[in-house]
Amino acid sequence: MHKIKRYIRGRYNYNAIILCALVFFVIGGTAFCMVANSKEAEENRQAAERLLKGEPEEVEVVAAAIKDAAEAQRAIASSIQPGVPIGTTQPEDDKKIVYLTFDDGPSENTKKIIDILAGYNAKATFFITGANEECRPYIKEAYEAGHTIGLHTNTHDYDKVYASDEAYFDDLQQVGKVAKEQIGYVPCFIRFPGGSSNMVSAKYNKGIMSRLVEAVQEKGYQYYDWNLDSTDAAGGTKDDIVKNACTDKINHVVILFHDAAAKAATVEALPEILEYYSAHGYEFRGIDRESYVCHHGVQN
């Protein structure tokens, strides 16, 4: 009986020691956390004070963090995400928006266009090719200026691009690499060479456009045609381009331009076009994931 009592008493003493140790650990840990949190709170308070005082290093750090977060969000929103919807074919009719879109760059004209757009605080979309490697830094410059980068084609050789479904996606992958080198990711916005309604592709592959318009969307891309053609591809003069690129009959205007090296007339016409739409109450936007999507009727 005495042995049992001694065992119980010894067991209680052992448990008491453990309990005391746990209590001490919890109290000590809590105190440590309170000190640590207090220290962190004080550091945050001091940083906030420095920021409010406008100390350069604090302002620069916060500004850089905000910019990085915004760029990351922009990249996520504009990158390929299969299964995530892109754009709308039924935009809000009360908003007047013009989407200036430029195909076939980059070239020296791309730089000129970027500078003109900056003077009007206007945003645009550049559907790039793999041409003119020496001008590729303009892709990055356009992106950093807030414009949208989309994919057009790597080679722009119809007989190669539309030889087969696989050939088209191989070309798209190549121009996607060009974009990624300049802006850090592959954008989801694309424009088919000749547009989705082109008939040239029928010479090389019957029915390919009917297949591609479905396939690109399944892979996480969205394709964009236009509802106003500036006719600069046909070699129109400055006055021709201005006349064909200006309208007040459409609320959501998607204009086809080109910024290839031979399109000096487009550069000359652009200021007058910007002034026209500004005077008529339009907002200039680059295409984004929420934008109006203009699709042509597929002919092949």
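## Overall make-up

Helices here are DSSP runs of at least four residues, and strands are DSSP runs of at least two. By that count, the protein has nine helices and eight strands. The model is a predicted one.

The protein has 300 residues, and 40% of them count as buried. Its exposed surface comes to about 16300 Å², with 56% supplied by carbon and sulfur atoms. Take the contacts with a separation of 6 or more: residues 24 or more positions apart account for 80% of them.

## Two packed helices

Two packed helices are described by the angle between their axes and the distance between the axes. Helix H6 covers residues 165-183, and helix H7 covers residues 208-218. They pack at an angle of about 45°, with axes 10 Å apart. H6 is therefore oblique to H7. The crossing of H6 past H7 is right-handed.

Which residues meet? H6 brings Asp165, Tyr168 and Phe169. H7 brings Ile208, Arg211, Leu212, Ala215 and Val216. Six residues of this contact are nonpolar, two are charged and none is polar.

A cis peptide bond joins glycine 105 to proline 106, with omega about 10°. Proline 106 lies in the loop between strand S1 (97-103) and helix H3 (108-119).

Asparagine 121 is not a glycine, yet its phi is positive, near 50°. Asparagine 121 sits in the loop between H3 and strand S2 (124-129). Its relative accessible area is 63%, so asparagine 121 is exposed. Threonine 231 also has a positive phi, about 65°, without being a glycine. Its loop runs between strand S6 (228-229) and helix H8 (238-245). Threonine 231 counts as partly exposed because its relative accessibility is 25%.

Notes
Residues numbered from 1 in each chain as written. Predicted model: local features only at pLDDT ≥ 70, side-chain atom pairs only at ≥ 80, totals over all residues. Heavy atoms only, no water. Axes fitted to C-alpha atoms, helices over the stretch in contact; angles between N-to-C directions. Parallel < 35°, antiparallel > 145°, perpendicular 65-115°, else oblique. Left-handed = near helix turned anticlockwise from the far one by under 90°. Contact = heavy atoms within 4.5 Å. Nonpolar A, V, L, I, M, F, W, Y, C, P; charged D, E, K, R; others polar. Buried < 20%, exposed > 50% of the residue type's maximum accessible area, 1.4 Å probe, protein only. Areas by Shrake-Rupley, 256 points an atom, 1.4 Å probe, with all protein chains shown as cover.
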